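The exercises below are to be worked with the sequence and the structure at hand.

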Amino acid sequence: MSDMITFDKVDKRFGQTVVLDQFDFRVARGEKVAIIGPSGSGKSTLLRIIMALQDIDQGKVSLDGRPLWDAAGGKHRIKPTRKHLRDMRSLVGMVFQNFNLFPNLTALGNVAAAPRHVLGLSQAEAEARAAALLAQVGLSDKLQNYPATLSGGQQQRVAIARAMALEPEIMLFDEATSALDPERVGEVLEVMRALAHERDLTIVVVTHQIGVARAIADRICFMEGGRILEDGTPQQILNEPRNERTRAFLRAVHLS
Amino acid sequence: MTEIFSWPFAAEILPALLRGAVVTFIATIGGFFASLIIGAVLLALGRSKQTAIAWLGRGLVELLRSTPLLIQVYVLFFVLPDAGIVLEPVTTGILALGLYHGAYVAEAYRAGLDSIPRGQWDAIESLRFSRFAAYRYLILPQAIAPLVPSLGNTFITMLKDTPILAAITVPELMFAANDAGSQSFRYVEPMTMAAIAYLVMSLIAAFAVFLLRQRLGTRYA
Ligand SMILES: Nc1ncnc2c1ncn2[C@@H]1O[C@H](COP(=O)(O)OP(=O)(O)OP(=O)(O)O)[C@@H](O)[C@H]1O
Ligand SMILES: [Mg+2]
């Protein structure tokens, strides 16, 4: 199977803080991976590197066999030009914890904006695509609503539709359900689960909600201290974790 | 015997004062739009990646903010012709108002842009918007709504600054009022009428700001 995401001995530091430490990571095309781990372990940074929002200090990152980052000793061997980053970003879509919808646009406008202004579709084509995606996430009756008039769960569904509108091959979810009221998690999870059924879509979710990992992933990685300490099927990681750190983390999560 | 306020005299000078009010109005509107454009240019210069240009932009803002408007008006009035640029006094005045207030408008723009949360930029980058599309469709619409009150203040301050243009012979409202007063040695009528004219123009501006805020405010919270 071909790799969709490859991290090859990647180091990432913020000042003195080591966030990724000789980090190796592979995700096959169509795989659904959940990353769990304590706060500050570098999960968001990992996703931001894949989304080309953050660079690396050392190592290589490739998407679909194409090099995204290649650095040695803090020097970029691939120039991170705007063009290169924009090209690579066409493979990836990202959903953020705080939705980050555009408050000046309606739900329809949020989803149609990139097809219209990035892909250059006509207004009618862009809106048709947006309406279809919003229907898929169950928001056909909210097309003209501004984000401020939507619940958190509805906003996050708009955000998922918005990311899907550019037809990415990789979807990243960074704590997509963590900012929601508990009774709103289900509706977003439902949409994520539907995406997880798309064979060719590669998905990486970062979450501290074990239920989310269980619902989406066919593989779970436990991350701490800038490395993946344990990597296995949901059944193995959640029910019979081998690493002591994984066990401690799962105990803490279950208690909270 | 002379009354405190002579209505016949007021009626006599009214046309001259109205002509002055029109000039004041033109200078204010012109200066206001000039400041909106100059403010954007100054901010863009100050944020340039070229350090020399950035320094130039920031130095210009400092200079414009720390010298009196009257001096800037004089400098433009006497220096531009030497540089071969000959403008109507009112055009020079509009340029001076635009520069002086543009430095403050640049600060307002900066505050507006800085108020955009980082998450918006994350979303913009991840969706691959060009800089132009990002500013045009996403950033500026968000940044400008909260600026309306402060830009409204700029407009009213500018209105009250226009008498300075009398120094370079712009026949604005105060110029006309002074003129009417000095010819007849009656100042109560022209000054009262000028004050009312400024008040009316300020109120109209305040009302326009109110309408604009309502329109922008009801679209999204
Ligand atoms: N832009 C940044 N500048 C400086 N330090 C940063 C930056 N982004 C992240 N960090 C630091 O890097 C470390 C890893 O951050 P990251 O956000 O990736 O962790 P996380 O696993 O997502 O945590 P959480 O579960 O709290 O979201 C943290 O110590 C954080 O403070
Ligand atoms: Mg995080």
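**Exercise 1. Determine which part of chain A the UniProt record annotates as "domain: ABC transporter", and describe the secondary structure of that span.**

Solution. The unreviewed UniProt entry places this annotation on residues 5-250 of chain A. The model examined here is a predicted one. Within it, the span 5-250 of chain A is 36% helix and 28% strand.

**Exercise 2. Is A:Asp70 buried or exposed, and which residues does A:Asp70 touch?**

Solution. First, locate the residue: A:Asp70 belongs to strand β5 of chain A, which comprises residues 66-72. Next, consider its accessibility. The limit for a buried residue is under 20% relative accessible area. A:Asp70 has 13% relative accessibility and therefore counts as buried. Finally, leave aside residues up to four places away in sequence; A:Asp70 then touches A:Gly59 and A:Lys60, as well as A:Lys75, A:His76, A:Arg77 and A:Ile78.

**Exercise 3. Carry out the corresponding analysis for A:Thr246.**

Solution. A:Thr246 is found in helix α9 of chain A, residues 244-255. Its relative accessible area is 0%, so A:Thr246 is buried. Once neighbours within four places in sequence are set aside, its contacts are A:Phe222, A:Glu230, A:Ile237 and A:Pro241.

**Exercise 4. Examine the aromatic rings, and classify the pair formed by B:Phe77 and B:Phe78.**

Solution. Over all chains, the structure holds 13 aromatic pairs. For B:Phe77 and B:Phe78, the ring centres are 5.2 Å apart and the planes stand at 75°; the pair is therefore edge-to-face. Planes over 60 degrees apart meet this class. B:Phe77 has a relative accessible area of 24% and is partly exposed, whereas B:Phe78, at 51%, is exposed.

In chain A, ring pairs join A:Phe7, A:Phe23 and A:Phe25 into a cluster. A ring may also face a charge: the charged end of A:Arg162 sits over the ring of A:Phe102, 4.6 Å from the ring centre.

**Exercise 5. Describe the overall architecture of chain B, and relate the annotated segments to its secondary structure.**

Solution. Begin with the elements: chain B has 9 helices and 0 strands. The C-alpha trace of chain B spans about 80 × 50 × 25 Å along its principal axes. Of the 221 residues in chain B, 43% are buried. Among contacts in chain B with a separation of 6 or more, 77% join residues 24 or more positions apart.

Then turn to the record. The unreviewed UniProt entry assigns "domain: ABC transmembrane type-1" to residues 17-209 of chain B. This span is 81% helix and 0% strand, with its end C-alpha atoms 26 Å apart. UniProt also lists residues 20-46, 134-156 and 191-212 of chain B as "transmembrane region". Residues 20-46 of chain B are 100% helix, and their end C-alpha atoms are 37 Å apart. Residues 134-156 of chain B are 87% helix, with 31 Å between the end C-alpha atoms.

**Exercise 6. Characterise the surroundings of B:Ala54.**

Solution. B:Ala54 lies in helix α2 of chain B, residues 51-66. With a relative accessible area of 4%, B:Ala54 is buried. Excluding residues up to four places away in sequence, B:Ala54 touches B:Leu45, B:Gly46 and B:Ser48. The C-alpha atom of B:Ala54 is 9.0 Å from that of B:Leu43, a residue 11 positions away along the chain.

How values were computed. Residues are numbered from 1 along each chain as its sequence is written. Chains are lettered from A and ligands numbered from 1 in the order in which they are written. This is a predicted model: local features need pLDDT of at least 70, side-chain atom pairs count only at pLDDT 80 or more; totals for chains, interfaces and linings use all residues. Side-chain values use heavy atoms; hydrogens and water are left out. UniProt positions are given in the numbering used here, feature names are shortened, and annotations may be inferred rather than shown by experiment. Helices (H or I, at least four residues) and strands (E, at least two) are DSSP runs, numbered from the N terminus. Buried means under 20% relative accessible area, exposed over 50%, partly exposed in between (1.4 Å probe, protein chains only). Contact means heavy atoms within 4.5 Å. Rings of Phe, Tyr and Trp (its six-membered ring) pair if their centres lie within 6.5 Å; planes under 30 degrees apart count as stacked, over 60 as edge-to-face and the rest as tilted. A charge sits over a ring if NZ of Lys or CZ of Arg is within 6 Å of the ring centre and within 35 degrees of the ring normal.
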